[in-house]
Amino acid sequence: MNFLAHIYLSGTNDLVAIGNFMADGIKGKKYKAYPKDIQIGILLHREIDTFTDAHPIVRQSTKRLHANYSHYSGVIVDILYDHFLAKNWLAYSDIPLEDYVNQFYNTIQAHFDILPPRIKKMLPFMIADNWLYNYAHIEGIQRVLDGMNRRTKYVSGMNHATVELKKYYNEFEDEFTQFFTELIAFANLKREEITHKIYSHT
């Protein structure tokens, strides 16, 4: 899953959300250097990624892209799924998306010092272009894919993936909806398990 889903699946604890958001920048056991709630977010992020990558519905989505995008298909599906979460946001949250993402931007900026270098470098661009809110629109997804293609030195061709998004829009949306219901239940359970484990070792 991509940024918006990871933040959403963190629940209501701001530090867990920050840990989940920045987890890709924390390798191995380095998470142990952070406060406990941030550790929970990092470990939850890893569990979510493992569950997502192995799930048959997600694999169904990635298979549709594999011929054109090879091993980048999973990254693209993560981004497309964030589109459907943003687009259908009010089915999952009582807080309007604009308010939710602005609140997160304020929170993450208040904890800027704790972020790993990679995330610090990315964050100003994310906020300036309001990635999280603009995921709701195909134009916003296009900009994200353009940026990802640049970061792969134009070898991934990910910038073309909105063609498949439009062509198979209903199929991708149905797969997201089915999968995300399962993912919410999984993430809620794992968050409780990880929290208990982290705090029982104090």
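This is a predicted model: local features need pLDDT of at least 70, side-chain atom pairs count only at pLDDT 80 or more; totals for chains, interfaces and linings use all residues.
**Entry 1: burial and ground rules**

I started with burial: 51% of the 202 residues in the chain are buried. Buried here means under 20% relative accessible area, exposed means over 50%, and partly exposed is in between, with a 1.4 Å probe and protein chains only. Residues are numbered from 1 along each chain as its sequence is written, and side-chain values use heavy atoms, with hydrogens and water left out.

**Entry 2: the fold as a whole**

I looked up the secondary structure next and got eleven helices and zero strands. Both kinds are DSSP runs numbered from the N terminus: helices are H or I with at least four residues, strands are E with at least two. The radius of gyration is 16 Å, close to the 17 Å from the globule rule for 202 residues, so the chain is as compact as a globular protein of that length. That radius is taken over C-alpha atoms, and the rule is 2.2 Å times the number of residues to the power 0.38.

I then checked the box: along the principal axes, the C-alpha atoms fill roughly 50 × 35 × 35 Å. For contacts between residues at least 6 apart in sequence, I noted that 70% join residues at least 24 apart. A contact is heavy atoms within 4.5 Å.

**Entry 3: surface and charge**

The chain exposes about 10,400 Å², and carbon and sulfur atoms supply 53% of that. The areas come from the Shrake-Rupley method with a 1.4 Å probe; for residues, only the protein chains shown count as cover.

For charges, I found 22 positive and 23 negative, with mean positions 10 Å apart. Lys and Arg count as positive, Asp and Glu as negative, while His and the chain ends are not counted. Each charge is placed at NZ of Lys, CZ of Arg, CG of Asp or CD of Glu.

**Entry 4: aromatic rings**

How many aromatic pairs does the structure hold? I got 15. Rings of Phe, Tyr and Trp (its six-membered ring) pair if their centres lie within 6.5 Å; planes under 30 degrees apart are stacked, over 60 edge-to-face, and the rest tilted.

F179 is buried at 0% relative accessible area.

Next I opened Y92 and F176, where the centres are 6.2 Å apart and the planes at 80 degrees, so the pair is edge-to-face. Y92 lies in the loop between α5 (73-87) and α6 (97-110) and F176 in helix α11, so this pair ties together parts 84 residues apart in sequence. F176 is buried too, at 0% relative accessibility.

I picked L145, found in helix α9 (residues 138-151). Its relative accessibility is 0%, which counts as buried. Apart from neighbours within four places in sequence, L145 is in contact with I76, I79, M158, N159, A161 and T162. I also checked L145 against H160: they are 15 residues apart in sequence, and C-alpha to C-alpha they are 7.9 Å apart.

Then T62, which sits in helix α4 (residues 56-69). T62 has a relative accessible area of 16% and is buried. Not counting residues up to four places away in sequence, T62 touches S73, G74 and V77.

**Entry 5: loops**

Which way does phi of K153 go, positive or negative? It is near 55 degrees, a positive value in a residue other than glycine. K153 is in the loop between α9 and α10 (162-167), and it is exposed at 67% relative accessible area.

Y154 is in the loop between α9 and α10 as well, and its phi is near 70 degrees, again positive in a non-glycine residue. At 56% relative accessibility, Y154 counts as exposed.

P35 is partly exposed at 39% relative accessible area. P35 and I114 are 79 residues apart in sequence, with 9.8 Å between their C-alpha atoms.
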